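Subject: Handing over the two-chain model

Hi,

Here is the structure I promised to pass on.

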Amino acid sequence: MDKTVVSTGTEGKTWGGGNQPIKASYGKMMMWFFIVSDALTFSGFLAAYGFSRFKFIDAWPIADEVFTHIPFYHEPAPMIYVAFMTFVLIMSSVTMVLAVDAGHELKKNKVIGYMFLTIIGGLIFVGSQAWEWGTFIKGDYGAIQTKGGNILQFGEYVEKDGEQVFKRVALRDFAIIADHTDRSQHESKNGIWFMSEGSLPSYTVEEVIYGLEANSDILVRTQLINEEGEKTILSRSESVKQIKDNGKAVIEGANLHVNEYGTPLFADFFFFITGFHGFHVFSGIVINIIIFFNVIIGTYERRKNYEMVEKVGLYWHFVDLVWVFVFTVFYLV
Amino acid sequence: MSHEHVSNTKRIWTVFGILSLITIVEVFFGILKPEFLHLNSFLSLNLLNWLFIILTGVKAYYIVYAFMHMEGEKTSLRYSVILPLIFLVIYLLFILLTEADYIFEVFNNATIKWNF
């Protein structure tokens with residue numbers, strides 16, 4: 001490698017740093033400063049989330065009630081799946097740092113093995129993220145949105161271990177379908193060609209009201225959080241009254257406009273921040289794959305220097321670092 | 001690499017153990033939500049959330065210092081990365097959260113409520 005000026009004639013004087021004043025190569029130092037700017041971007045997003053949450057502090061969805069799904073298991077189990085995802089990402093960080101470590105010792109085959117495991121870990125994480133999005137978008141209980149944009153959910157008291165606990169009830173378990181009110185979805189082939197609409201919810205508000213009147217145990221739960229840190233549950237008469245007077249639309253699942261879990265902002269931030277993080281993981285995987293093949297064809301072996309692995313390693317650990325914060329902000333706090 | 005390198009495998013696995021342990025503790029508290037933590041608050045944030053935030057900070061420290069090998073870098077690099085981040089993030093959070101709390105109070109005390 002060509003180096004232009006090696007001796008500056010200032011060794012031991014004020015500057016004296018030579019080509020690497022802070023003992024990090026240009027590439028590595030710039031990776032660090034890229035990480036600083038990217039970290040600030042994520043901080044901005046997470047702080048914006050915090051802003052909205054504090055603004056609606058008494059009506060924000062409770063994460064434990066939103067993310068309760070595990071594949072192939074149908075009882076609500078908060079935290080477990082996302083803990084698994086966190087573990088996968090930490091594990092892939094460990095294999096990455098082991099690859100960097102093997103690179104320092106110029107052990108090519110160990111680097112290849114550890115980088116392969118890192119890529120697999122990243123793919124498992126992105127896959128899990130996709131599944132999590134899928135269940136979030138699909139929803140499970142359904143809810144009624146009021147004229148003011150609030151979400152009313154349904155449930156009933158059941159006996160569990162000698163205690164009365166409130167258990168959510170899905171719309172499909174109590175709504176009574178009245179076929180004469182059915183409206184079919186408008187498709188562009190049936191009318192004005194440039195107009196179409198998204199899929200209609202499975203039930204109309206009237207059908208939910210019939211169902212509510214027929215099942216005297218079902219109560220409405222509002223968005224407001226009470227002093228025990230739980231959502232407020234209305235009395236039976238108040239429940240029926242609220243749905244009849246204010247019920248406007250049936251909401252199933254979540255998108256950028258509405259979501260059945262509570263304020264739409266919650267879903268917006270969830271999609272935006274986890275999506276942006278997922279995109280970072282995806283690009284991390286792509287960069288890892290490129291470096292992985294470079295290692296295989298021996299590029300760094302010939303250079304006698306595996307610093308490139310170290311640089312992608314920095315990026316990969318940064319992605320893990322961001323996830324640690326996303327995990328706390330969305331699922332724990 | 002100009003400097004001599006010693007293998008860090010043992011340190012890596014120790015840090016992995018610490019990170020896993022912290023995550024397990026977080027999940028444990030997240031599911032149980034003990035009442036004495038959940039219902040007491042300090043600076044308008046309940047103690048459980050404070051616990052989570054502190055544990056997250058500890059995890060972040062280990063990822064940056066051990067996995068990203070910040071502990072092996074020169075002091076000047078270390079602080080030119082870490083100090084601006086810590087300062088700006090705390091500053092931003094302070095401003096935004098204070099403002100959000102104010103807006104909440106305005107809505108909460110106004111004649112027009114968030115209603116049905």
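Before going on, some conventions. This is a predicted model, in which local features need pLDDT of at least 70 and side-chain atom pairs count only at pLDDT 80 or more, while totals for chains, interfaces and linings use all residues. Residues are numbered from 1 along each chain as its sequence is written, with chains lettered from A and ligands numbered from 1 in the order in which they are written. Helices (H or I, at least four residues) and strands (E, at least two) are DSSP runs, numbered from the N terminus. Two residues are in contact if their C-beta atoms, placed from the backbone, lie within 7 Å.

Now the nonpolar cores, meaning sets of buried Ala, Val, Leu, Ile, Met, Phe, Trp, Tyr and Cys residues joined through C-beta atoms within 7 Å. The largest has 70 residues, and A:Ala99, A:Val111, A:Met115 and A:Val309 touch the most other members. Its contributors of at least two residues include α1 and α3 of chain B, but α10(A) gives the most, with 16 residues. Beyond four places in sequence, A:Met115 is in contact with A:Ala99, A:Asn288, A:Ile291, A:Phe292 and A:Val295.

The contact between the chains takes 44 residues from chain A and 45 residues from chain B. On the chain B side, α4(B) gives the most, with 15 residues.

Helix α8 (residues 264–296) of chain A has 33 residues, so at 1.5 Å a residue it should span 48 Å, and its end C-alpha atoms, 47 Å apart, agree with that; the expected span is 1.5 Å times one less than the number of residues. After α8(A) comes A:Gly298, with a positive phi near 90 degrees.

Lastly, A:Gly139 lies in the loop between α4 (108–138) and β1 (143–146) of chain A. It counts as partly exposed, because it has 19 C-beta neighbours inside 10 Å.

Happy exploring!

Notes
A residue is buried if 20 or more other C-beta atoms lie within 10 Å of its own, exposed if 12 or fewer, and partly exposed in between; C-beta atoms are placed from the backbone.
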